[in-house]
Amino acid sequence: MLRLLLLAALALCGESGPTALQPGLRGTQRVVGGTEVSSHAWPSQISLQYYSSGGWRHTCGGSLIHRNWVLTAAHCVDQNLQFRVVAGDHNLYKSEGSEQVFSLSKIIVHPNWNTNNVAAGYDIALLRLASSATLNSSVQLAVLPESGSILPDGNTCYITGWGLTRTNGQLSSVLQQAYLPVVDYQTCSRASYWSSTVKNTMVCAGGDGIHAGCQGDSGGPLHCVVSGQYQVHGVTSFVSALGCNVKNKPTVFTRVSAYISWINSVLAQN
């Protein structure tokens, strides 16, 4: 079986210390192969952080989907750690006045998630914030797709996050984005790609050997253009253990449209 690399950035994973159609770009820093985005170009993006050695450390991304709910990956929160969510951030290491910080009142991991079998899927979790976010130009709600919707091969998408900027590199201090077009299931499940490791409840994107998600990007969004609007179609899950940007091994995401009924059920019950 192909070895998988989850993309959380906990200390044991080598920690040091994405309705306009074209988000603003600037700078030359790099997600692997990515570019720094303009401040708050993706206002639904959050930083999930854990407390360790007297300070807070970024581990994963996520998407604000309700004023007091965040969507992220199950593997980001299946350890017994103290977490918080920071919305409205751009530079993790500078206070810019736009940040909103939240403790968590509840962590709900999909009941079928198995930390020992990532390839089975269900890498999705919901975080209830202890208070509600204030929506403004820096903090907005993500748009989720219609239940069951499947994107065509080559659909325009962007991954966003503060993950490693190159294999064996460091976490980015500023939010990055990279263009990752969809690789359809028929292609991604070929033997030369992910074979049976990828399931139809997942989305593959990228795979050009240049652009990819990496550690620290887990749980963050795959923003995809549908009818002139960016929707969060993926939750960043895993790449090949051979490296973040291996050709024909696209970054793999939990397909959000496969879990809309579960998301709605959790929010209704809580």
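Predicted model: local features only at pLDDT ≥ 70, side-chain atom pairs only at ≥ 80, totals over all residues.
I began with the lining of the largest cavity, sorted by class: 4 nonpolar, 5 polar and 1 charged residues.

The space inside comes to about 60 Å³.

Then I went to the second largest cavity, with a volume of about 40 Å³. Its lining has 5 nonpolar, 4 polar and 1 charged residues. I noted Val118, Gly121, Tyr122 and Asp123 there, along with Thr201, Met202, Ser237 and Phe238. Thr254 and Tyr259 also line the second largest cavity.

In what order do the strands of the closed barrel run? I traced β3-β4-β5-β8-β7-β6, which makes 6 strands with antiparallel pairing. Neighbouring strands of this sheet are turned by 45° against each other on average, direction ignored.

I also checked what packs on the sheet, and found helix α2, residues 260–269. Helix α2 touches β4, β5 (69–72), β7 (100–109) and β8 (125–129). The direction of the helix makes about 25° with that of β8.

How many bridges join β3 to β4? I got 8, between residues 45–52 of β3 and residues 55–66 of β4, running antiparallel. In that pair I picked out Leu48, which stands opposite Cys60 in β4.

Conventions: Residues numbered from 1 in each chain as written. Heavy atoms only, no water. Pairing = 2+ DSSP bridges. Helix = DSSP H or I, 4+ residues; strand = E, 2+ residues; numbered from the N terminus. Axes fitted to C-alpha atoms, helices over the stretch in contact; angles between N-to-C directions. Contact = heavy atoms within 4.5 Å. 1 Å grid on protein atoms, 1.4 Å probe; cavity = no way out; pocket = protein on both sides within 12 Å on 5 of 7 lines; lining within 4 Å. Points joined across faces, edges and corners; volume = space filled by probe spheres on them. Nonpolar A, V, L, I, M, F, W, Y, C, P; charged D, E, K, R; others polar.
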